[in-house]
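Could you walk me through this model in my viewer, one selection at a time? I would like to know what to click on next and what is there.

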Amino acid sequence: MKKIILSALFVAFNLAAFSQVLPSFQLGVKAGANLSKLSTDNTFSSDNRAGYYAGLWTRIGAAGIHLQPELYLSGKNTTLKTTAGEENKVKFTSLDVPILVGTKIGAAGVGIRLNTGPVVSFVLDDEQSFGDAASNAFKGNFKGQNFAWQFGAGLDIGKLGLDLRYETGLSKIGKDGYNDTKLSLFTFGLGLRIF
């Protein structure tokens, strides 16, 4: 009897240890808001304006570390101003692909996540509207893709998740007119784990 109990305990401990090594897979949806700002070296100043994002996330993890690829449709808005007071309201629609690495601390369905990683954004549209005094010389010619880096934290409660992130531009997004411009933003999102 002792041998059976000891054998059962040995198998249970080995299965528990092995389950920490096997990768887990999660899939979910997320939507939220962002505040975006264009940073420039000299010519323009920029105001933060609210936008949106919505899409899918996956999480593949083992031994406390996870890889989190995501896919979002994002609307990013900002207002550029020249020193002469001219304004250009820019609305970007982009497909964003973050590839994050993170860890989760917690138990019993509640946990805090920390993550970081690169993001590539594919610009689908860059609608621009000008004030009365602005001219076509103030119109920006933006690149079709750019790279950024995200830092974030999240809170999971059961199947729900809250995320707060900061994204800083790594590549310049302008070709003509805004050659020195990078995009940075804060995002806040609410996610739902499907499985």
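**Before you start.** This is a predicted model, in which local features need pLDDT of at least 70 and side-chain atom pairs count only at pLDDT 80 or more, while totals for chains, interfaces and linings use all residues. Residues are numbered from 1 along each chain as its sequence is written, and side-chain values use heavy atoms, with hydrogens and water left out.

**Stop 1: Lys30 and Glu70.** Select these two and you have a salt bridge, with the closest N and O atoms 3.7 Å apart. The term means a side-chain nitrogen of Lys or Arg within 4 Å of a carboxyl oxygen of Asp or Glu, and by this rule the count is nine. Lys30 belongs to strand S1 (residues 24-39) and Glu70 to strand S3 (residues 65-81), so the pair ties together parts that are 40 residues apart in sequence. Strands (E, at least two residues) are DSSP runs, numbered from the N terminus. Lys30 is buried at 5% relative accessible area, and Glu70 is buried at 3%. Buried means under 20% relative accessible area, exposed over 50%, and partly exposed in between (1.4 Å probe, protein chains only).

**Stop 2: Asp156 and Arg113.** The closest N and O atoms of this salt bridge are 2.9 Å apart. Asp156 is in strand S7 (residues 145-157) and Arg113 in strand S5 (residues 110-130), so parts 43 residues apart in sequence are tied together. Asp156 is buried at 6% relative accessibility, as is Arg113 at 1%.

**Stop 3: the largest nonpolar core.** Select Leu38, Leu80, Val90, Phe92, Val123, Ile173, Leu183 and Leu185, the eight residues that form it. Such a core is a set of buried Ala, Val, Leu, Ile, Met, Phe, Trp, Tyr and Cys residues joined through side-chain atoms within 4.5 Å. S4 and strand S10 (182-193) are the elements giving two or more residues to this core.

**Stop 4: Glu127.** Finish in strand S5 with Glu127, which is partly exposed at 44% relative accessibility. Beyond its neighbours within four places in sequence, Glu127 contacts Lys89, Val90 and Lys91, where contact means heavy atoms within 4.5 Å.

Definitions and conventions
Helix = DSSP H or I, 4+ residues; strand = E, 2+ residues; numbered from the N terminus.
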